[in-house]
Each structure stands twice: as structure tokens, then as C-alpha cells.
Number of protein chains: 2
Amino acid sequence: MGTCLMTSVAMNGLKEKVLTLDTMNPCVRRVEYAVRGPIVLRALELEQELRQGVKKPFTEVIRANIGDAQAMGQKPITFLRQVLALCVHPDLLNSPDFPEDAKRKAERILQACGGHSLGAYSVSSGIQLIREDVASYIERRDGGIPADPNNIYLSTGASDAILTVLKLLVAGEGPTRTGVLIPIPQYPLYSAALAELNAVQVDYYLDEERAWALDVAELRRALCQARDHCCPRALCIINPGNPTGQVQARECIEAVIRFAFEERLFLMADEVYQDNVYAEGSQFHSFKKVLTEMGPPYATQQELASFHSVSKGYMGECGFRGGYVEVVNLDAAVQQQMQKLLSVRLCPPVPGQVLLSMVVSPPAPSDPSFAQFQAERQAVLAELAAKAKLTEQVFNEAPGIRCNPVQGAMYSFPRVQLPPRAVQRAQELGLAPDMFFCMRLLEETGICVVPGSGFGQREGTYHFRMTILPPMEKLRPLLEKLSQFHAKFTREYS
Amino acid sequence: MGTCLMTSVAMNGLKEKVLTLDTMNPCVRRVEYAVRGPIVLRALELEQELRQGVKKPFTEVIRANIGDAQAMGQKPITFLRQVLALCVHPDLLNSPDFPEDAKRKAERILQACGGHSLGAYSVSSGIQLIREDVASYIERRDGGIPADPNNIYLSTGASDAILTVLKLLVAGEGPTRTGVLIPIPQYPLYSAALAELNAVQVDYYLDEERAWALDVAELRRALCQARDHCCPRALCIINPGNPTGQVQARECIEAVIRFAFEERLFLMADEVYQDNVYAEGSQFHSFKKVLTEMGPPYATQQELASFHSVSKGYMGECGFRGGYVEVVNLDAAVQQQMQKLLSVRLCPPVPGQVLLSMVVSPPAPSDPSFAQFQAERQAVLAELAAKAKLTEQVFNEAPGIRCNPVQGAMYSFPRVQLPPRAVQRAQELGLAPDMFFCMRLLEETGICVVPGSGFGQREGTYHFRMTILPPMEKLRPLLEKLSQFHAKFTREYS
């Protein structure tokens, strides 16, 4: 009999809990997720204190910590919500207040649902019609390169699909444990998922001096070192970058693909910001397109999973949890296993599938909703581009802050100089120095950003991630307030 | 360096895939999920063949394999969809076509959303207002016993919450590996989740002779045997039962709680069918209520997680993926870890949260929507009760089929006698005998049910799970057709 049989009775006569920090899943304990970490919990408390009338040096908390456009006041795209409302409550199909094309879309989707209702489960991989819409979208995006609906799996946001693919990849123990290369700085979903799955996180560093470029020599260094203690089997790329905002050049993508092929690494391309490219001269190239255009053996053999989401782009429909993964060159038997694994979760949320369907097949120029849809879409993207530029500009005017161009995605990730005495003070408090800085920033200004240590950074450098999502009229004062706080903080600890 | 470094090149010059059946996660390979298994894939193929005009001995496939009410033609509850449509497309708040109370509910929910939009992420545990609504619902359900909103976590359907709690519980290796007691027959989410998490499944058998009653002596037998090779730490109960349809008596629940407390087992109560109780004399008792009424030490110390869903009950809103878990007596530090784990997934789908909010706070008698809501709700539940009774009755008239009363939930799980020659033939084909029976049933009648082997059953006994969801006018012919097929099958192999 195992030692687990012993019943512990504490001094006070209470039985110990079954589930404690000591007995729980140690992998879960190791999980960290800074985007919703202690700084965000403190922001919630401050909001509550403000509501209760507690005096603060600010009147509102600005949540610049998370890529949540609608929470920052961005309006939903009318057409998307019209179609979804029609699907949710089909009585509205008789209403004169909805455009014909929205009704047509809704009817088409309802026809494809079990019992013609969003309330039925879909098949586990998502509604077939919508998988076909996604395939057509990918073909258009990639200049006609074919996409197979059977290789597309709808998901509960991109995070869910990323976890599913990582879950397939995890195996081995000790020195054969699966290693996964992730960029540093990274979006902490990756580190969290790898901790939870007990896989080995293998860090490769993006080059801050070259606008967070990805360098294959650095990939090779990371890989070689990792092979001493684990079995690296996958390489994750985030393009456009989160939190770093770079957009990868085509040659860089080609080099990464050659590297992955030679080193036998499964490629995971997080492309959820594919519609969020702002910088002149920057262009989004999908890994699928580049891979295919490189021809054999890459096109025919290199395994790839590419992820997309309804939470970002111009629509920002985070709350609906919609997304998809396209798999390329996946082993057929493994794909069956993936299908089986997805079936246990029954299906992704159908409303998120519906929104995804609108995103991948928006109104055509001949449709009555086209003009408004296009205008709303362009307005959002143009404002994001202006905010990306403004952010870079204001930060770079501030002494001690240096910000790479925000070429894409929704974040700036500026580097901040922190005086040695501040670093020392942070250490005394048991905090990462940039956590100390961000906490002080929050307490004194109400601005909530996430410390760079939550994403990873070269030792001795300090950063924070701030979204570019606050409305234009708030963003400039916000950036200035933040820069001024940094100057004050620097003086205080000099 | 690990052995993983070697690059395999097959005879044809192709590199081997990184991810193959041999290299993939072995835990995922072991996962099985019968409710969407081979029989359902075959049903999909048959539907396609019918559409293509292939001649079959039937004109439609009847999916009685999954608890998906709306796919079987059940209409959504009007009030739920009205409120959700208003939330999705708030322009409708100006429409005269929606009742005032639906508008009030929608406005209240939108006020509680980031940016007053369903498109914003909610906090990871779910919208605070809705957690409070859930707490009030639980208090009413349990005769005033308090529920704390901070112990309630909204989820992506019940499955998601069950997986989260199991994930916390999994630890150890070899003889200290976490064991989890589950009923046999079980809903295969449990076996699938335990396989995926590499935990040990510990089977306890329900007593078919006593209408699938749960017997503590059997729990004890299972526990004692399991302690030889693992560390049993949790006990799962499904009440009302899936696939077995029994409703537990209060004394039985008390006995289970005493057992769990004495043996230090974390209790997981799957109570998603709490609104689906049909049999006279049967009544749903929540584990939370019984636990609390038993007083200390049970009320104050026994750890419990109770799960609920919007997919079942009278609403059957499966596609929206809404649900919740209430935790009781959870260690505070573990609860923080759970919160952190949930935050990595960002948030449960907000539309599912909205539907849950309606389910737990439906129209009050003074509200304009009350009469219609109540009528729709009662009609669904009354029809389900009639179908439960009809199912039991028709099956028990058939020689060689024996069906326990369907006291609750949405399934019958009849036992079928299969002739020895049929069993032999199945073995030759490498199929479980009841899989062979169900496959033949599907091919010859178009009726899709799930073999008992997908849920677990005593060796040498054979069952199938069939939902009671087909519309009344289809259900009787269906039951008769199935009984006749069984008679024919029996003759064929005698």
C-alpha cells in the first residue's frame, strides 16, 4: 500500500485537506500568467476603491494590460453583430431592420446547424460550412494556394488550439522530454502551457537592437544548448509579434522554415495579428504561403500549424472565443488522434464560429452592407496605425525610454532604464524591478501595464507591455503621464 | 545528447514526420470517447450517402447518440434567446418587439461587461454579476443554504470545469499516482480526461439490479483494491446518472459523503441533469445541500466541487458552451492556483455566460415574459418525462431487452441479450459485441446509439445508450424498430 493511505490529523483535530499546495498538481503550480497576474488583481482592487469613494491621485484605472479592444471602447462591427443576432433569434429574419445580405448569411449558417439552431452542438472540428469559408479565406489571403477544409479545426479562441497542438507534441521523460522553442519576449500563454504540460521551455531571444528581429543563428544556439537536456520538437513563432510588435520579413520566414526542416522541428505559427500590420513597408506573410512557395521538400514535408482568432484584427471580439488552426503536412494518424481529442470537448462555442465565418467571408462589394462594413473596418485599422505611431514617437521623446517601432499587433514593449537604487529597492521587496516600477505606476497614475518580466527579457533589461488600444483622445495624455512618471521615478531613486 | 537528435530518413528519401503515432503524447493516444466515436463517424457517412441518393433500408439517420436536444428539434426557450439577441446587438433595445423584462435583463448584463459589450473578455472566473446570480440560484435551490459568488467559476460547458478540477488533483508517479473513482457505467468524459492527464481510473460499479443504485460497500471495495497501485484522491458522482438515468436518494448521498470524508476523497458531483428528474418519488438533492445539512465536520471540512451546465435541463443550449462549478471547502491557496490556471484561458465564452444568467435568474411571476417562459419550460420537461416513461415501457415489452426506469437525465441504458454466435462473430471482427450490434442497427435502420462498452459495464453484459430526445411522434416507432431489429438479430445468430 502506498504512503497516501495515512490520514493526517492536524493538532487542532481537523483533517488535512485532500487538495493542498503540497498535494496538488506540481505542473499547475509552476504555471505563471502575467497578463492577468498580481498587477491586474491590484487594478481590480483600485477600481473597487475608486467606486467606494477612496481618494486616489487618479480618477480611473486605465487597463492597458490586455489586448481587449472593446473593453477600451472600440465599437463592434455592425454587420458581424447583425448576423449573429439573426442567428441567435431567428424571429428577427422577418424584421425590416436588418439588411438582406445579413439575413442571407444568417440563413445559410442556420441551415448548417443541427436543428437549424446555434443551440445544437456542432461537429467537434466546427461547422463544415464555416471550415469551408475559412479555407476560401486562406486561399484568397495566400494568393490562390489551396487550403483543405479538412485541415482546419475551429477552436475556442486561438489559445485553445495552441494548447491542443502542444498537447499532441508532449512526450518523454528526463532527457527525452519534449522541448519547445519559444521567443523571448513571448506571449505567456506559451510558458504557461508548457509548464502545465510538463514540457521544456527553450528560449530563443529576439534582437531588440534590430527591432526585435528573429535571427536563425540565435535559434541554432538555443536548439544546440537545449539538446543537452531535452528533445526539442517544436518551434513557436509569433508574427506579428506579441508583445514585441515586429512583422517578419519574407526572407526571415524562409530561413526559419529551412531551419525547422533541417532540424526536424514542428512549426507553430501564431498569426492572430495577421490583420494588424501598420508600418509602411511591413507586410504580413503567412508561414503556409511561404512554405508552399518554397516548393518541395518544404512544401510537401514540413509540418506546420497556423493559428488565427476573432479576438484581434479589426473586430476584437474577444468575449466570443472564436478561432481556428490550419494544420499542414500533419501525419494522417496523428490528425485522427487530434480529431478524437477535440471530440472530448464536444465543440467550440457556436457563436464564436459564426463570428469567424463573418470575418473570413465579409460582405462583397455588391452587397448592401459592404460600404458600412468597409468603412468601420478601415476606421479601426487606421486608428490603430495612428496609435502605433504615436506610441513609438512619444516614448522615444522620453529620456530613459526606448521603443521599437510598433509595426504590427496591438502592443508597445518599450525598454525602460531603472536606476540601480530602484533595482535594489525592488530586490528588498522580493519583486522583479519592472514589476516594482509597474506597481508604483499603477498606484500613482492608475495606468495598468504588464512588466517585461512577465514576458521574458534579456537579463538586466527592463520593459513593460502596453496596449495601443486606449482611445486616441486618452492615449496621448496617457503616454505623457507614463513618461513623466518614469522621469519622476528615476529622480526619486537617483 | 538525447537519442532524439538522430534524423531518420526513410527508404523513399523522405524525412520521417516529427509527429507520428510513435512520437506523439502517449496519454492522448490512450484517450477514448465513444459518444463521438466510430459509430458516429459512420452515421455521418451514411447521412452523406443518403444525400447523394444511395439506396438504404431507411430514409434518415436518427442521432440518438448524444444529449443534444435542439439538434433533435427542441425549440429554444424564447426568453433566453431574446435577451441574448439584445446583448449581441444592442440596437434592438429600441425595438418594440422585445418585452420590457428581456430589455432590463440585457441592459443589466451589458452594464456588467467591459466596454458594455459581449465582445470584451470577462474576468477569468466569469462576470461577477452572473456569479452572484448563480449564487442566488444555488441558495434558492438548496432551501436558503448560503452560496458565495467567490466560490463559483463560470466555464465553457461543464466538461471544461470538470477537466480543470481534475487537473488540479493530478500528481504523483507509480504507486502515488492520483486515482479517481468513477462510476461504471460512466460518461466517458471522465475516462478520457483521466487518460489525458495520466491519472488512474478507479472503477466502482453501479448496481443494475437495483436500478443503478450506488452502494457504499462497492465504493469501499474499489477503493481498497485501488490503494494497492495508486493513490485514490477523488470520487466522481453523476447524479442524475449518465448514461444510467438513476436519481440518488438522500440517504445514499449522505452515505457517500461520510465515506468520502472518512477516506479523504475530494468529491466531484456532476449535477448537470439537476432539472431533469421525471420519476414519481424521485427528487434531486444537491451534494452541497446534503453536505451542509449534515453539519460539522462534513459541512466544514469535506471538499466538494459541483458542476452545472446550460446544455441540458429544459433549455438544451449545448452550442453556447456555458456552465459553472461551485467549490466548497477548497483550500484557499489551491483556489488561488485554480484562479491562475483559469486566467491562462482568458475567459469562458460570454454568450454562454449570458444564457447561464437567464437559467439561474429566469422571469419572476410579475414579469411580462413569465407566462410564456413557464409554459415553454413545462412543455419541454413534461414531454421529456413522457418520453422517459415510454422508453422504459416499450423496451421492457421486448424479449431480451431490459430497461431500468429512466428516473432522470436524458438517456435510457437498456441491457440487451446477445446470442453467443453474435458474440463470437463480433470477436472475429475485432469488435466489442455491443459495438457489433449497434453498427448493424445503424446500417439496417439508420438508428445511431452508443454501445455500452463505450461507457463501461460488467463483463459479459451488453447495453446501449439511447437518448430520449427524438420528438414524441418519432420516438415510439423508433423504439419499436429497435426492438424488432434486436429480435431479428437474435434470430439471425441463434
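Analyst: Welcome! A disulfide here is a pair of cysteine sulfur atoms within 2.5 Å. The model is predicted, so local features need pLDDT of at least 70 and side-chain atom pairs count only at pLDDT 80 or more, while totals for chains, interfaces and linings use all residues. Residues are numbered from 1 along each chain as its sequence is written, chains are lettered from A in the order in which they are written, and side-chain values use heavy atoms, without hydrogens and water.

User: How many disulfides does the structure hold over all chains?

Analyst: Zero, over all chains.

User: Why is Cys236(A) called buried?

Analyst: Buried means under 20% relative accessible area, exposed over 50%, and partly exposed in between (1.4 Å probe, protein chains only). Cys236(A) has 1%, so Cys236(A) counts as buried. With 6%, Cys113(A) is buried too.

User: What makes β10 and β13 of chain A edge strands?

Analyst: Strands are DSSP runs (E, at least two residues), numbered from the N terminus, and two strands pair if DSSP finds at least two bridges between them. The open sheet runs β10-β14-β13 in chain A, with antiparallel pairing. There, β10 (411–412) and β13 (450–451) each have a single partner strand, so one side of each lacks a neighbour in the sheet.

User: How do you know that β10(A) and β14 of chain A pair?

Analyst: They share two bridges in the antiparallel sense, which meets the requirement of at least two. Tyr411(A) stands opposite Thr467(A) in β14(A).

Methods:
Helices (H or I, at least four residues) and strands (E, at least two) are DSSP runs, numbered from the N terminus.
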